[in-house]
Structures are given as structure tokens and as C-alpha cells.
Amino acid sequence: MILAGVFGLVIGAALGLLGAGGSILAVPALVYGVGQPVGAAVFGSLLVVAVSAAGGLAVRLRSGVIRWPVALVFGAAGVPTAFAGAALGRLIADRWLLVAFSVLMVAVAIAMLRGSPEEATGGACRIRNGRVDWRSCLPKALAAGAGVGLLTGLFGVGGGFIIVPALTLLLGLSAAEAIATSLAIVTITSLAGLGAHAADAAGVDYAVIGVFAGTALLASLAAGRVANRLPAAALRRGFAYLILAVAVGVAAAALLAPAALSTG
């Protein structure tokens, strides 16, 4: 329970402060930290991510920077691919799923170390005169949303580490708009992922997940209130190095000690 609370605090704080990246630690924490089976860990991760993202979103509801039309299009594209990702994940052995997950973690850490995207001055979904140019925005938003949904269903991650750069660089939202809108999209895709992994719900230890999700929500709410006062770049770098260290540990454990994976 104590470990679940600690991991929840770290993940919720990352989501609240950075709008991305925190959920990448949820599955390793649940598998190796508290001994959940991989399938149950993916379901639990999605539950934690959905709760903490919704908490971070609630803090920003009155900010006026959430671009709801973009969020709904992006999120809707991820719903069917979340189910496809879950189906694909069931075909892959837990050992290799975790190895692939560690590769994803390395990619996320590298992206975070490269820094946050620059403020966009244009882009497919940049609002002009209060309106979005959907002719250019829609195809890109649908493609990016579908990719995020696939990762959500396959690995149980929120996908904010892809969503924020996509919204900023590809679609033209400002950094503040991208972080707030990302939380809305993560909430939508995580709920879809939960539906896709409903069969794994029976193996979840809900007491552990409750502590995990509760502390993540509190941390996300608190971090969202102070995010603008803290050095985001330094926080991002530190968290990226933590992700790299966990990625190495996950890959080593999956390859060298596959029998240690919990099966129920």
C-alpha cells in the first residue's frame, strides 16, 4: 500500500506538472512494485491515468485554454484503435510486451530530454478568428489520435508524451493549450482503454489501485495549481532520467527473470 501511494504521487505529479509522461511508470510500478499480473497492471494503469488526468483537467476547466473540438476529434479517433491495441496485446507474451514497453519508455525519455516544443505560430488546427480550419486539421488530428489510441490499448499508457508534441508542432496549439487539451484527450482514450481491457478487471487488486489512483489524483490536483511556478525544464529532465532507469530495469527483469512475472 505504501509503495502504491508513493508511485501514485510521482505519476500524478508528473501529469499535473508536465501534462505528459507520468503514466509511463504506472505499468512497471504495478507489475514490479506491487506484484500485479501484467493484464491487471494494464487495466489498473489505465484507471490511474484516467483518474489523475481528469483531476488535472478539472483544475484547468476555467482556464479557457482547452480546445474541446480538437480534443473530441483526437479522442474519438483513439477509441476504436484502443480496442485494436488491447486485442494485439493479448497475442503477445507478457515478457515481450514488457520488453517492447521498455523501448517505448526509452523513446519517451529521449523526447523529454530534447525539451518541450516551441510555441507554435501556425499549424493545422490553429484557431483563426475563433474558428478551426478543419480541412487541414481533421486528417492530422484523426491520424495522431488513432496512434495514441493504439498505444493506450496496447500498453495502458495515456499517450500524453505523444499528444502534447503533436498538438503543438503538428496541429499548431500553444504549449498551454496543448497541455490542457492533452489532459482531455488522455481522459477520453484511457476510458476507452478501460473498456477494451474489461476482461482483465477481475484480476485487479482494487485496494492497491484505490490507493494508487487516490494519491495520483491528489498529486495531479496539487501540481496543476503550482505548475506555472516551477522550472518545468528541470523537472522534465529529472523525470526523463528516472524513466530511463526504470526502462533498463524493466527490460533486464523481463529478459533475465521472466518467471518472476506475476500470473495472478
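Residues are numbered from 1 along each chain as its sequence is written, and side-chain values use heavy atoms, with hydrogens and water left out. In this predicted model, local features need pLDDT of at least 70 and side-chain atom pairs count only at pLDDT 80 or more, while totals for chains, interfaces and linings use all residues.

The protein chain contains 10 helices and 0 strands, where helices (H or I, at least four residues) and strands (E, at least two) are DSSP runs numbered from the N terminus. Of the 264 residues in the protein chain, 51% are buried, a term for under 20% relative accessible area, with exposed meaning over 50% and partly exposed in between (1.4 Å probe, protein chains only). Contact means heavy atoms within 4.5 Å. Among contacts between residues at least 6 apart in sequence, 86% join residues at least 24 apart.

Helix H2 (residues 26–33) packs against helix H5 (residues 94–113) at an angle of about 135°, and their axes are 11 Å apart. Axes are lines fitted to C-alpha atoms, for helices over the stretch in contact, and angles run from 0 to 180 degrees between N-to-C directions. H2 is therefore oblique to H5; angles under 35 degrees count as roughly parallel, over 145 as roughly antiparallel, 65 to 115 as roughly perpendicular and the rest as oblique. Val27, Pro28, Val31 and Tyr32 of H2 meet Leu98, Phe101 and Met105 of H5. The residues of this contact comprise 7 nonpolar, no polar and no charged. Here Ala, Val, Leu, Ile, Met, Phe, Trp, Tyr, Cys and Pro count as nonpolar, Asp, Glu, Lys and Arg as charged, and the others, Gly among them, as polar.

For helix H7 (residues 160–170) and helix H8 (residues 175–196), the axes come within 9 Å and cross at roughly 135°. H7 is therefore oblique to H8. On the H7 side the contact is made by Gly160, Ile163, Val164, Leu167 and Thr168, and on the H8 side by Ala178, Ile179, Thr181, Ser182, Ile185 and Val186. By class, the contact of H7 with H8 has 7 nonpolar, 4 polar and no charged residues.

Tyr241 is part of helix H10 (residues 232–256). With a relative accessibility of 52%, Tyr241 counts as exposed. Tyr241 and Ala109 are 132 residues apart in sequence, yet their C-alpha atoms are 6.8 Å apart in space.
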